[in-house]
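Please consult the sequence and the structure below.

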Amino acid sequence: MKTSPNAAQPVYVLEGVTKTYPAARALDAIDLTISPGERVAVLGPSGSGKTSLLHVMGGVVPPDTGTATIEGQPLTGLSAGRELAGMVGMIHQQYDLVPHLPVIHNVLAGRLGRWSTMRSLLSLVLPQERNLAVDALEILGISDKINERTSRLSGGEQQRVAMARLLVQAPRVILADEPVASLDPARAEALMLLLNDVADRSNNTVVASLHSVHLTRKYFSRAIGLRRGRMHFDVPVDLLDDGLLNDLYDIEGLDGET
Amino acid sequence: MARPRATFLEGRRLVSLALLAALVWSIWQVQWDQPIIHGGGIGAAADLFRALVTPELSPSFLATVLKASWHTVAYAFGGITLAVGAGFSLGVIASGVLARSSTGRWSMIVGTRGLLALMRAIHELVWAWLFVVAIGLSPMAAILALAIPYSGILGRIYSEILQDVPEEPLSALRTAGASEWQVLLYGRLPIALPDMLSYTFYRLECAIRAAAVMSFVGVAGLGFQIQISLDDLRFSEVWTLLFALVGLILLIDLWSTWVRRSLVR
């Protein structure tokens, strides 16, 4: 019943969400309801508002007008980060690790929302909850790199470190902003497999922006199309056809192949 | 990203013109009809440079040099150690990165920056005079005189380095639930550390030079010995002392290179 919107209390309810930046209107009256365990792909040409949507859902920026709730609570009320971190985890295209730290501390950074300042300071000397980091790195197959300086890892390994951080953070929702944009098809596939694997472990809800229709069909249950900040379509992936896609990417002259 | 076109007399260009005018005016002020070096000095200068190739190397004098170098290094390290502690604490506050609200941030930045400016506006030599008057000719006077302006300098630079850390890894930490203190510990400091360290080493070099000069106000050290030797016109000794100073700076340089390399590895 993954795709049924009435299954349980929805994870996300967005109503009339609008976000305007000085340069452009990023989101225009977006209505969106997402149920637990759904895998939602956000498609659309560059600049269509995909990142803004994920930022609103991640509590990074508040909407200008409209309401956005997560598990029934308004996102803006939770924006302190700490409460939100247990619910939402984000993964970025650039992994955004701290290159100067050993791998273990980048992974354990996923626990900071649950640790006091003193405990996190202590952890830099004497890693706390080390077993969590070891387990996560083992799942991702890079436990031998645990004490390595993160900057010395390859791109693919750093990706796994970012995933391991997400694993120890253990959020209920994973937001991924163009996680495969700069990767070749094989690596993109590998990352989606990892992400799927991580999400399956605790039946996470996943919302990811991407450009690949192939990956959307393979790893997601639902696809929404954004164009110029407006909701262009919102369909189960099996209804995603070329007509919808051509229309979505039309004027911009882009196409949505892999 | 189009910017409005700047008119000819605006901002930076105006400052450049003012500086150019000041330069022209200062050249105008030089009295070209008088010799730049006064005549009697040439003989003394010749003596001074002749002594360059015959530095004083007798064991007893070398012992004096070593002891003076030790004093200078000790003052410099004492001063820089206090300055790193105070500069770090003040720098973190002055960077405003721990503030929750923007009013809090601005009052932190303005308040601490003012204090830091006050500390470094007064030169270490002036502080040294003040401390010698206040607590007499003691090593503590030299160390405090160094520590205060250096705290001001380090604090300001540290705060800027901490502010300039790239935002992406920090916001990733925040979305993982980190507070600003934790962002400081897990993001800003590890990223800023190499730059902070490298600047601290540079300041240590400056502190050695300053500690040497400091002894002109009467505390022991290389500068004090240079003054004694100069008073007696023993130029060979002066050179030995200057070489010792150069040696110290080179050693700090080597040390800093080594530390930074092991940090990057």
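In this predicted model, chain A holds an open sheet of four strands, ordered E2-E1-E4-E5, with antiparallel pairing. The edges are taken by strand E2 (25-34) and E5 of chain A; each has a single partner strand, so one side of each lacks a neighbour in the sheet. Helix H1 (residues 50-57) of chain A packs on the sheet and touches E1, E2 and E4 of chain A, contact meaning heavy atoms within 4.5 Å. The direction of H1 makes about 55° with that of E2(A); axes are lines fitted to C-alpha atoms, for helices over the stretch in contact, and angles run from 0 to 180 degrees between N-to-C directions.

Helices (H or I, at least four residues) and strands (E, at least two) are DSSP runs numbered from the N terminus, and two strands pair if DSSP finds at least two bridges between them.

| Strand pair | Sense | Bridges |
|---|---|---|
| E1(A) (residues 12-20) and E4(A) (residues 65-70) | antiparallel | five bridges |
| E4(A) and E5(A) (residues 73-74) | antiparallel | two bridges |

A:Ile70 in E4(A) stands opposite A:Tyr12, and its bridge partner in E5(A) is A:Gln73. E4(A) and E5(A) form a hairpin with two residues between them, and A:Glu71 in the turn has a positive phi of about 50°.

Local features need pLDDT of at least 70, side-chain atom pairs count only at pLDDT 80 or more, and totals for chains, interfaces and linings use all residues. Residues are numbered from 1 along each chain as its sequence is written, chains are lettered from A and ligands numbered from 1 in the order written, and side-chain values use heavy atoms, leaving out hydrogens and water.
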